[in-house]
Amino acid sequence: MRSQASVLHLDLDAFFAAVEQRDKPSLRGKPVVVGGVGGRGVVATASYEARVHGVRSAMSTREARSRCPHAAFLSGRFHAYREASGVVMGLLREVSPLVEPLSLDEAFVDLEQAGLPDLEVATVTDFAQDLRRRVHEATDGLTASVGVATSKLLAKIASDLDKPDGLVVVAPGSEQELLRPMRATIIPGVGPATAERLRRAGITTVADLEEAGLDELVRLLGRAHGGGLHLLSRARDDRPVVAEREAKSVSVEGTYDTDLSDLRLIEGLLARQAGEVATRLRAAGLSGRTVTIKVRFHDFTTLSRSTTLASPTDHGPTVARSARALLAELVAGPDTGPQVRAGVRLLGVGVSGLADWVQEDLFADAEDDGAGEEDEELPEPPRARHLGAWAPGMDVVHAELGRGWVWGAGRGVVTVRFETRETPAGPVRSFPDDDPALRAWTPPAPEEPAQDPLSGPA
């Protein structure tokens, strides 16, 4: 365990929504929701102005609209998010060679490698304050919340305690005092199922976990899970900051605008997804042993089932065969079978337990070469509502009026607000959706560095 607060966790506040507000002056200070904008859409991020009305990530867009109908509902602009993330991650790597990105908007930084004169609380506090200021300047106004502590667990928890735009440094020796009053669900690995099992045993807080002791937690949750919670509830977390994180899984999923109840169609869609996963595995030079399917029902209940193969594979029919077998288990279940038949809104297939080698499936049927069911004509799944070429929030440029973004579209008309990050809130204009003067705008590709003519080919 570290004796000094030398692990920093940085989390960009309401990242997707904050980038939209930064780049769209008319939305600053107003509720913004980013995610799927169709009938089956899900909220990816909500601005703090929208959260006041109860809008949260992973909520259905339909519910978000009912809670905050006056919000701007935008589809994602991932080029803008990647650009902002790249700026922040580059800044973090300037201050320490050990940076572990968790996603586009958060990362751990090892301050032991940051060249600080010491790691006393006052020193790391000043460093973190300056880092937040630099992030704000480098990203043209985005804010970040930061936690600093003796471990990853405490640093990540601390970064969430004073959002948005906050800083919490957990002094060495005060970790358990901070943790004890918190709900047990603050500990990684305590999801809804585990929390319910603990609740039935009278364990609802971290203090309760600590008091329960190792034997009781092992009895309730098993040796690996119970032992892990026993350590984390006592703030014992010695995981290092790792600069390179390997992919843990490859998956494909789809949400459908109308619930699926045709089992043949569901099987066919899983087989297609399995083929896509296998293609991605081969492209990455990977294979995997564990096949998982994910099924979300009409009432938003989500189930997953997994099976582990004898050896890694990147073979589409092998993955598909496992996925169909897992679906058959759900269909045969006394509780899950009726749920499947009542309607499925989301399907997904994933492969984990990744390796960089493949063992041929010696027990596969010789004729199982991917033909068969792949060639069988299947009914087309219901398509999500088509938004046309003009998705809300997307960047556009007009030949005469310059750059702007799509405010709304439909019935042959697209409405654009003409403004950018560098301009004040701009005017709104409407055009026929096939107006040749209007087109989508994408940022120019980064220039290749000039090559020294004397150096020869790289």
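Trainee: How many residues line the largest pocket, and which of them lie nearest its centre?

Mentor: The largest pocket is lined by 30 residues, and those nearest its centre are H9, D11, E106, K156 and D160. This is a predicted model, in which local features need pLDDT of at least 70 and side-chain atom pairs count only at pLDDT 80 or more, while totals for chains, interfaces and linings use all residues. Residues are numbered from 1 along each chain as its sequence is written, and side-chain values use heavy atoms, with hydrogens and water left out.

The volume of this pocket is about 580 Å³. On a 1 Å grid over the protein atoms alone, a pocket is an open set of points with protein on both sides within 12 Å along at least five of seven lines, whereas a cavity is a set where a 1.4 Å probe fits but cannot get out; lining residues have an atom within 4 Å of a point. Grid points are joined across faces, edges and corners, and a volume is the space filled by probe spheres set on the points. The elements that give two or more residues to the pocket lining are β1 (7–12), α1 (15–23), β3 (43–46), α2 (48–51), β5 (99–103), β6 (106–110) and α6 (152–159). Helices (H or I, at least four residues) and strands (E, at least two) are DSSP runs numbered from the N terminus. Helix α6 makes the largest contribution, five residues. By residue class, the pocket lining holds 13 nonpolar, five polar and twelve charged residues. Here Ala, Val, Leu, Ile, Met, Phe, Trp, Tyr, Cys and Pro count as nonpolar, Asp, Glu, Lys and Arg as charged, and the others, Gly among them, as polar.

The structure has one cavity of 30 Å³ or more, and the space in the largest cavity is about 30 Å³. Its lining consists of V33, V34, G35, G36, V37, V42, V43, T61, F73 and L74. Seven of these residues are nonpolar, three are polar and none is charged. Strands β2 (32–35) and β4 (72–74) each provide at least two lining residues, and β2 has the largest share, with three.

Two strands pair if DSSP finds at least two bridges between them. Strand β2 runs parallel to β4, to which three bridges join it, and V34 has L74 as its bridge partner in β4. Three bridges also join β2 to β3, in the antiparallel sense, and here G35 stands opposite V43. In a regular strand the side chains alternate between the two faces of the sheet. Buried means under 20% relative accessible area, exposed over 50%, and partly exposed in between (1.4 Å probe, protein chains only).

Charged side chains also form links elsewhere in the model. Side chains of opposite charge can pair when their charged atoms come close. A salt bridge is counted when a side-chain nitrogen of Lys or Arg lies within 4 Å of a carboxyl oxygen of Asp or Glu, and the whole structure contains 26 of them. One network of salt bridges links E20, R22, D23, K24, R77, E83, D140, D395 and R421.

Some individual pairs show how such contacts are placed. E63 and R67 form a salt bridge, with 2.8 Å between the closest N and O atoms. Both belong to helix α3 (residues 61–67), where they are four residues apart, about one turn of the helix. E63 is partly exposed at 33% relative accessibility, and R67 is likewise partly exposed at 39%. In helix α5, D130 and R133 are three residues apart, about one helical turn, and their salt bridge has a closest N to O distance of 2.4 Å. R133 is partly exposed at 39%, as is D130 at 31%.

A further salt bridge joins E94 to R134 at 3.4 Å, N to O. E94 lies in helix α4 (residues 78–95) and R134 in helix α5 (residues 121–138), so this pair ties together parts that are 40 residues apart in sequence. E94 is exposed, at 60% relative accessibility, while R134 is partly exposed at 25%.
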